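The following exercises are to be worked through with the sequence and the model at hand. Each task is followed by a solution in steps.

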Amino acid sequence: MRMTFRWFGEGNDTVSLDQIKQIPGVEGIVWALHDVPAGEEWPMDKILHIRDQAHRAGFHIDVVESVNVHEDIKLGLPSRDVYIDNYKKTIEKLGQVGVKVICYNFMPVFDWVRTDLFKEAADGSTALFYEKSRIEDVDPLRLVDKINVNPSLTMPGWEPERMQHLAGLFEAYKEVTEEHLWDNLGYFLKEIIPVAAKHGIKMAIHPDDPPWPIFGLPRIMTSQDNFRRFLKLVDSPYNGITLCSGSLGANTGNDIVSMIHEFTDRIPFAHIRNVRVFDNGDFIETSHRTEDGTVDIAGIVKAYYETGFNGYARPDHGRHIWEEQCRPGYGLYDRALGIMYLWGLWDSLKRVEHKQRKKVVAK
Ligand code: CS2
Ligand code: MN
């Protein structure tokens, strides 16, 4: 398990590279050019700028999250070919600077969706929260108005520019079924995977978060069956998964341990975090500790250990604790605690294995 930490870049993150350096065992940052709109080719000078900063701080830049996919590609519009071409050029450039994994997602319109970014827990910490009824009963276009009056609801994928086009986007997606989305994903993969393979880059799709359709928009990266289907779209080691335990874990029907065993050679990147799912379908993000949520983090780390996982991992979202002011879900403290929990589990598995080996040798 090669530990990494997401960093949003200078001026765009409350956490510094120097702080990340003090978290034990972190070897690389997970990065992106957050100011380049989806569909545009990434400029080399900006890529090199981040690379140099990371290298100076002693980190590698092997993992990019995310190179976002333009809506026209997901919609399957004729204009997609231009955006796919730009995507290929970006892959090529990232290959030139030694990137090994590109994380992306294929969620229509929105990235992860929550109803509360700072939901307070009994201990005074706050965390990202999803209140099912608030999403299900809502007309997304009316939700946009609510967000405008309450900026704390702002989420990735909810940028003001995007909001302006929201009505048009919903109109465009009206006719798009899950099967269309599968076709459009297949088309995209057949174009980009050969380019990624040529440059030694593993593409790693992120599950939909939450893993079910919202606002009447189709979502397909949601379950073990669908990931199995996804991997067959292009059966190549360069077509892989970012296995995000928190996203998939919001549906308690998802058996993440089983997914790790089944998809073992196709998981170049692991997001490890916990959530607590309530009986009514609401969920809140918790500490990484197994007991605090409904996701079996200990079982997941054990599954990675047993399958000889040698890919990249990162703690995913964290709570906001010790009064830290930070990007929602992306503070320093709780993610650092998460890393230490993951190392604790990992190292004890290693220790047990060595002891068992010694016993066998002694016999
Ligand atoms: C989120 C997403 O759960 C997560 O990791 O932070 O924003 C994620 O980065 C994207 O969906 C990946 O493309
Ligand atoms: Mn994730």
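**Exercise 1. Determine whether Lys 174 is buried or exposed, and locate it in the chain.**

Step 1. Lys 174 has a relative accessible area of 59% and is therefore exposed; buried means under 20% relative accessible area, exposed over 50%, and partly exposed in between, with a 1.4 Å probe and protein chains only.

Step 2. Its place is the loop between helix H8 (166–173) and helix H9 (178–198). Helices (H or I, at least four residues) and strands (E, at least two) are DSSP runs, numbered from the N terminus.

Step 3. From C-alpha to C-alpha, Lys 174 is 8.4 Å from Gly 216, and the two are 42 residues apart in sequence.

Conventions for all exercises: residues are numbered from 1 along each chain as its sequence is written, while chains are lettered from A and ligands numbered from 1 in the order in which they are written. The model is predicted, with local features needing pLDDT of at least 70, side-chain atom pairs counting only at pLDDT 80 or more, and totals for chains, interfaces and linings using all residues; side-chain values use heavy atoms, and hydrogens and water are left out.

**Exercise 2. Identify which side chains Arg 314 contacts.**

Step 1. Arg 314 is part of strand S12 (residues 312–315). Because its relative accessibility is 0%, Arg 314 counts as buried.

Step 2. Its side chain makes polar contacts with the side chains of Glu 65, at 2.8 Å, and Tyr 330, at 3.2 Å. A polar contact is a pair of N or O atoms within 3.5 Å; within protein, one must be able to donate a hydrogen and the other to accept it, and residues adjacent in sequence count only if both atoms are side-chain atoms.

**Exercise 3. State which residues coordinate the manganese ion (ligand 2), and classify the site.**

Step 1. The ion is coordinated by His 206 (NE2), Cys 244 (SG), His 271 (ND1) and Asp 316 (OD), at 2.2 to 2.5 Å. Donors are N, O and S atoms within 2.8 Å of the metal (3.2 Å for Na, K and Ca); water is not among the atoms, so sites may look incomplete.

Step 2. The angles among the 6 donor atoms run from 50 to 174 degrees, and the site is irregular. Four donors count as tetrahedral if all angles lie between 85 and 135 degrees; four count as square planar and six as octahedral if opposite donors are over 155 degrees apart and all others between 65 and 115; anything else is irregular.

Step 3. The donor residues are spaced H-x37-C-x26-H-x44-D in sequence. His 206, in the loop between strand S7 (202–205) and helix H10 (224–233), and Cys 244, in strand S8 (residues 239–244), are 38 residues apart, and the pair links distant parts of the chain. His 206 and Cys 244 are both buried.

**Exercise 4. Find where the backbone has cis peptide bonds.**

Step 1. The bond from Glu 65 to Ser 66 is cis, with omega near -5 degrees. Ser 66 lies in the loop between strand S3 (60–65) and helix H3 (71–75).

Step 2. The bond from Asp 209 to Pro 210 is also cis, with omega near 0 degrees. Pro 210 belongs to the loop between S7 and H10.
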